[in-house]
Amino acid sequence: MPNPQSVADRSPLLGFTSDNIAGASPEIIQALVNCNAEQANPYGGDNWTGRVQEQLRDLFEHDLDVFLVPTGTAANALCLSAMTPPWGSVFCHPGSHINNDECGAPEFFSHGAKIVTVDGPSCKLDVSSLARAVNVKVGDVHATQPACVSITQATEVGSVYSLDEIAAIGDVCASASVGLHMDGSRFANALVSLGCSPAEMTWKSGVGALSFGATKNGALGVEAIVLFDEKLRATMGYRRKRAGHLLSKMRFLSAQMEAYLANDLWLHNARQANGMAKLLVEGLKQIPAVHLPGEVQANIVFCSLPLAITDGLLRAGFKFYHDRWEPGIVRFVTSFASQEQDIANLLAHIEALAAKSLHKLDELNVAG
């Protein structure tokens, strides 16, 4: 497994806010350097873009169309715009990125489609609740009409839909004649966690459109709209252009994606990120002051920390989200660039702060 930033004498990384804070894999930077030395046809007429199309067709074992864009928000919003009329409903989890973190882009790109949330544990849609929701007010001219369902794989809390769960949601969508979109910003992390094929996690389970993420997993900035449902393909080119996401020098996106997929770099990077999260969890379990509320399946770790430990970590220079969800809850995210020494350094600080807090508590008890 390659460790792109495993320089022996580097200082431990202190940033755990997101996998977006990592740089890009050297292989991807080199691919950009290489394509920069040549001229190429614009707007996707280059050889890199053609090769990426074939790479993804082979990877997913399916006929498909690929539309590269620079951001995940664009990928999600454009996918949903192709699946949803302005009077349609998009069903998703309340904690989903499209509901909380995209500034209304899905509604904007679809010209007014309505986001409808369906709750469920671990940031995953409850299938029974979804089955009821997609059949509410069907045909009622006073209500938005069910159009599609969007799931996030891996989810915003690091949980992963099983293949059976995706297939069950796919069955609900098929029965209700609505589309199924997958927000795969951390698609690779979920895939290596499940140990399945890309085909099994997408079209074989009923997914019609996929936002295939690369930026969080080692790319500089590229995401792929992957359309399995041929009915969605006719308008996507126009939608992407109208939205301002058809790059004239498309080869700089395609070269990234080509290098990302070559030699399984995308899988190696995801395994590294997931492995470092697992290492962190194993260490946190040994510290009595830390509580882990749920299973960690990808590269996102939520835990509860005493305020003294959180404050101590922040003073030491560590960067992570805290108290954003509820008091005392923190989130650590590992990336392909995270190394064992980074995890060891974080754990050492947490252990020391926990011991210090315990010592102060003992002193207070004695004094009392």
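Q: Which residues of helix α9 (residues 233-242) are buried?
A: This is a predicted model, in which local features need pLDDT of at least 70, side-chain atom pairs count only at pLDDT 80 or more, and totals for chains, interfaces and linings use all residues. Residues are numbered from 1 along each chain as its sequence is written, and side-chain values use heavy atoms, with hydrogens and water left out. Helices (H or I, at least four residues) and strands (E, at least two) are DSSP runs numbered from the N terminus, and buried means under 20% relative accessible area, exposed over 50% and partly exposed in between (1.4 Å probe, protein chains only). In α9 the buried residues are Arg233, Met236 and Arg240.

Q: Which exposed residues does the face of α9 turned away from its buried side carry?
A: An α-helix has 3.6 residues a turn, so residues three or four places apart point the same way. The face of α9 turned away from the buried side carries Ala234, Tyr238 and Arg242.

Q: How many residues apart in sequence are the parts that Phe60 and Phe212 tie together?
A: Rings of Phe, Tyr and Trp (its six-membered ring) pair if their centres lie within 6.5 Å, with planes under 30 degrees apart counted as stacked, over 60 as edge-to-face and the rest as tilted. The centres of the Phe60 and Phe212 rings are 6.0 Å apart and their planes stand at 80°, so the pair is edge-to-face. Because Phe60 lies in helix α2 (residues 47-60) and Phe212 in strand β6 (residues 209-213), the parts tied together are apart in sequence by 152 residues.
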